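Here is a short note on the salt bridges in this structure. Please keep the model open while you read.

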Amino acid sequence: MLRHLTLGLLTCGISAAALAQSQTSLPAEVRAALERARLPQNAMAALVLEATPTTQGSKTSPTQPLLSWRADASMNPASVMKLVTTYASLELLGPSYSWKTPVYLDGSISNGVLHGNLVIQGRGDPKLVMERLWLLLHRVQSLGVQRISGDIVLDRSAFAPNAQDPGDFDGEPLRPYNASPDALLINYKSVLMTFTPQPSRGLASISMDPPLANLTLQTSVPLATGKDASACGNYRATLAPDFSSPDRIRFLGSYPPACGEKVWPLAYADPDSFAARAVLGLWQDMGGKLDGRVRDGQASAGLMPAFEMTSPSLAEVIQNINKYSNNVMAQQLFLTLSLAPITTQVSLPASISASREVLAAWWRARFGEQDLPLMDNGSGLSRQARITPQALGRMLQAAYASTSMPELMASLPIAGVDGTLKRNLGQPSEGLAHLKTGSLRDVTALAGYVHLANGRRLVVVAMINHANAGAGKPALDALVEWALREGKR
């Protein structure tokens, strides 16, 4: 059900006249930062305005921005696009929305044996991590099942098949941020490998979570000696990993003891088989037996679930998405927009194209046709995604005035405190800004709210699209600092 449409378009309006009256040149300190980074001013687009529109009597007036620089330019926002996905989801699904993962016992139980199949039906849960998978399988065992005479069937039919190659985006298929969405997404299709040096034995032990079935992992690697032992440089390269086979992980090099214990998050080399390997590996690790195999399939029509695993609420999930810029969780949420019964026209399976239509309809109803964003996959991990600062500014104003404001605000990183902004410790904005950041090759961006001591709140949006955009972060920081000073006047 679409919520809060009665606020109307003027609640978040930015008129052409208001844009014309605002400061239309970048602040001197921002221009200087761009010049030091060898970036032209027209590589940047920015908007700074009051979070709350001006009210005169009973009328709400469009807000005159403090700064408008190329605010109508269509820009790639990188992960800042997650703001659109998460705010739209709060309005369309509600902050208490949760994902269900039904589990079916397709057979009878006697003497600890399930005579039939165990069916796990994925419904898009973005946070079915190892601990929650363990709880799911423990629940199965608590029903009296220690051995399954049939198969474990994984029902992933809620999402349309995804032909995405994890290496397509940037040629880094083993980076967890490149994991693709899945109706039964387990542990983000990633493992954590822990390297613990044991100097007395001259080696570093290797462990991996979750345990994956039918995978051989060497249990140790020699400690480096000589100059490689005294400093912790690029330990991953020093390990000389061999991930060429999905059935075996080897390390042909050594591990620098100066690194201490390190944890390496790694996307599994064969993502299509990850769910099957993780479910079987953990089931066996818990003492469970399986006579058959783990395979894809669907729950039989009319079969009632033995129980359902319930995810954390949407309000909790978007904190992971925005504070830590989790791409695959954002894509799971985006797909959920065409999975949930928002309209009677949407049916299974959910798809990226259907979710784009749902979000576009929400945007038109909420903000009109102006500046309709190009969403792509909803995460911002895209070369095609586009939005204008003006559109994002209007949306952030609307969000600030909505009942979803507390949940959205709480999901954003706090400058110098947590999430992707924890590194901003000691800067003037520390503790005074809730901002979502984004970066890709050729893109750096931020958007969110700046808090002033007098109780005022400003919306700040800035994006740089340029081959040298990575050098532009000081210019974005300078803009936030300018907003903190200018807003006090």
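1. R156 and D182 both sit in the loop between strand 8 (152–155) and strand 9 (190–198), so the pair ties together parts 26 residues apart in sequence. Helices (H or I, at least four residues) and strands (E, at least two) are DSSP runs, numbered from the N terminus.

2. A salt bridge here is a side-chain nitrogen of Lys or Arg within 4 Å of a carboxyl oxygen of Asp or Glu. The whole structure holds 16 of them. R156, D182, K189 and D296 are linked in a network of such bridges.

3. This is a predicted model: local features need pLDDT of at least 70, side-chain atom pairs count only at pLDDT 80 or more, and totals for chains, interfaces and linings use all residues. Residues are numbered from 1 along each chain as its sequence is written, and side-chain values use heavy atoms, with hydrogens and water left out.

4. Next, R366 and E91: their side chains form a salt bridge (3.1 Å, N to O). R366 lies in helix 9 (residues 352–367) and E91 in helix 3 (residues 82–93), so this pair ties together parts 275 residues apart in sequence. R366 is buried at 2% relative accessible area. E91 is buried too, at 0%.

5. Last, D376 and R356 meet in a salt bridge (3.0 Å, N to O). D376 is in the loop between helix 9 and helix 10 (389–401), R356 is in helix 9, and they are 20 residues apart. D376 is buried at 17% relative accessible area, whereas R356 is partly exposed at 35%.

Technical notes:
Buried means under 20% relative accessible area, exposed over 50%, partly exposed in between (1.4 Å probe, protein chains only).
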